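Me: I would like to learn how to read a fold feature by feature. Please take me through one, with the general idea before each case.

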Amino acid sequence: MHIDFATLTEYQRYKLMASLIVPRPIALVTTLGPDGTVNAAPISMFNMVGEEPPIVMISMNRRSDHSLKDTARNIERTGEFVVHLADEATAWQMHQCGVEHPPHVSETAVVGFTTLPSTAVAPPRIAETPVAFECTLFEKMETESRKVFIGQVRWLHVRDGLVDATTWRVDLDNYFPVGRFGGELYVRTRDRFKAAPPDQPAAQ
């Protein structure tokens with residue numbers, strides 16, 4: 001099957017790309033509204049971009065009327081946000097943060113997340129998640145359908161016992177982030193293996 005992307009609609013391209021480029025890490029992003037309301041939104045177009053400087057990328061689509069979502073507007077205005085990684089224990093709350101609420105309603109309060117003060121930025125971090133990267137805006141890009149923000153990591157918070165501060169290694173045996181699959185589906189990261197030739201069993 002061969003598909004000419006120039007012949008497809010924006011929606012058709014999105015569905016194909018979002019369902020084939022999987023699993024994707026999910027950024028649960030907190031920002032502050034103009035009135036101080038804490039906004040939290042899951043962003044599944046997210047990844048690490050580099051380490052010098054330490055930067056991450058989040059990409060948000062526009063609403064059907066082409067207006068910006070609360071997260072994008074808040075980052076545009078303040079230049080600050082916090083990226084969290086959700087695990088199995090926080091997956092449902094993270095998913096529910098994707099439900100649309102008025103700007104004055106905090107998703108963290110609706111789903112029962114606890115917020116803690118950040119160290120270097122104004123938006124708070126979420127206590128229940130295993131990882132939180134405090135970010136300031138480094139660069140941005142705009143397309144017809146999206147706002148893409150590059151954030152520079154200023155501070156990292158991790159669950160106690162997850163990182164060995166002498167080797168800077170993560171204890172992967174106790175880290176179980178979830179990934180975005182197609183549609184409403186997510187995947188666990190417990191089934192792990194080392195790549196092996198086809199004639200050999202994959203090492204666990």
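**Reading the model**

Reply: Start at the end of a helix: Gly79 follows α2 and has a positive phi, near 70°. Helices (H or I, at least four residues) and strands (E, at least two) are DSSP runs, numbered from the N terminus. This is a predicted model: local features need pLDDT of at least 70, side-chain atom pairs count only at pLDDT 80 or more, and totals for chains, interfaces and linings use all residues. Residues are numbered from 1 along each chain as its sequence is written, and side-chain values use heavy atoms, with hydrogens and water left out.

Me: How many helices and strands does the protein chain have?

Reply: The protein chain has four helices and 14 strands.

Me: What does the radius of gyration say about the protein chain?

Reply: The radius is taken over C-alpha atoms, and the globule rule is 2.2 Å times the number of residues to the power 0.38. For 204 residues, a compact globule would come near 17 Å; the protein chain has 18 Å, which agrees. Its C-alpha atoms fill a box of roughly 60 × 55 × 35 Å along the principal axes.

Me: Which residues have the most contacts inside the largest nonpolar core?

Reply: In soluble globular proteins, nonpolar side chains tend to be buried together. A nonpolar core is a set of buried Ala, Val, Leu, Ile, Met, Phe, Trp, Tyr and Cys residues joined through side-chain atoms within 4.5 Å. Buried means under 20% relative accessible area, exposed over 50%, partly exposed in between (1.4 Å probe, protein chains only). Here the largest core has 20 residues, and Ile58 and Val83 have the most contacts inside it. Elements giving two or more residues to this core include β2 (27-32), β5 (54-61), α2 (70-78) and β6 (80-85). A second, separate core has eleven residues, among them Leu28, Ala40, Ala91 and Cys97.

Me: What does Val83 touch, leaving out residues up to four places away in sequence?

Reply: Contact means heavy atoms within 4.5 Å. On that count, the partners of Val83 include Val29, Phe46, Val56, Ile58, Phe133 and Cys135.

Me: Which residues of α2 are buried?

Reply: An α-helix has 3.6 residues a turn, so residues three or four places apart point the same way. In α2, the buried residues are Asp70, Thr71, Ala72, Asn74 and Ile75. Their cover includes β2, β3, β5, β6, β9 and β10.

Me: What is the phi of Trp168?

Reply: Trp168 has a positive phi of about 60°, although it is not a glycine. Trp168 lies in the loop between β11 (163-164) and β12 (169-170). Trp168 counts as exposed because its relative accessible area is 64%.

Me: Is Met141 exposed or only partly exposed?

Reply: Met141 is partly exposed, since its relative accessible area is 47%. Met141 belongs to strand β9. Beyond residues up to four places away in sequence, Met141 touches Arg146, Lys147 and Val148.
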